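Open the model in your viewer and keep the selection tool at hand.

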Amino acid sequence: MTRGNARELAVHLIYGREFTGEEPNTVVQTRLDREYYSKLSAENDIYEERPSRVQRAYIDTVTSGVASREDDLNATIQKFSIGWDVKRISRLTRCVMQLAIYEILYVEDVPVGVAISEAVRIAKKYDGDDTGAFVNGILGAFARSLNAEKAEDSAQ
């Protein structure tokens, strides 16, 4: 399984939590159970291959991380989605952006550009091209704000 597929799978798990309210580790264990997982391959090709140990660790980390920082991540989305109430953004799109922001802030081996482009790819796949542009705009503004903060810090 590629990191991109693991990321998409993580979005599915984060999205699933929106409905079940389950703890992140329960969601991951339940959905990645061999029997349950194999049934999903007929619905979506990302389930054709099981995650490796490394990809499973990534999925565990980001699913738990997004759950523990959900309010902060939503506040960031709200801050950069000017003119939009975060509650009006589709749950799936919000989950995609939560994961991207989490990766940008807390996953060291994911470059900012990769987090954004992967979020756009996933958003387009599930919610269409317009949503991809929306996600790109919000995440791009967020990334630029981080660069501006870094420039301010280095100037002082």
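**The cavity**

The largest cavity holds about 40 Å³ of space. A cavity is a set of points on a 1 Å grid over the protein atoms alone where a 1.4 Å probe fits but cannot get out; points are joined across faces, edges and corners, and volume is the space filled by probe spheres set on them. One cavity of 30 Å³ or more turns up in a search of the whole structure.

This is a predicted model, with pLDDT of at least 70 needed for local features and 80 or more for side-chain atom pairs, while totals for chains, interfaces and linings use all residues. Residues are numbered from 1 along each chain as its sequence is written, and side-chain values use heavy atoms, without hydrogens and water.

Select Arg7, Val11, Val96, Leu99, Ala100, Glu103, Ala115, Ala119 and Ile122, the cavity lining (residues with an atom within 4 Å of a point). H1, H6 and helix H7 (112–127) each give two or more of these residues; helices are DSSP runs of H or I, at least four residues, numbered from the N terminus. H6 has the largest share, four residues.

**The pocket**

Next, select His12, Leu13, Tyr15, Gly16, Val27, Arg31, Tyr36, Leu40, Glu43, Asn44 and Tyr47, which line the largest pocket (an open set with protein on both sides within 12 Å along at least five of seven lines). Its space is about 220 Å³. H1 (3–20), H2 (24–31) and H3 (34–40) each supply at least two lining residues, with the largest share, four, from H1.
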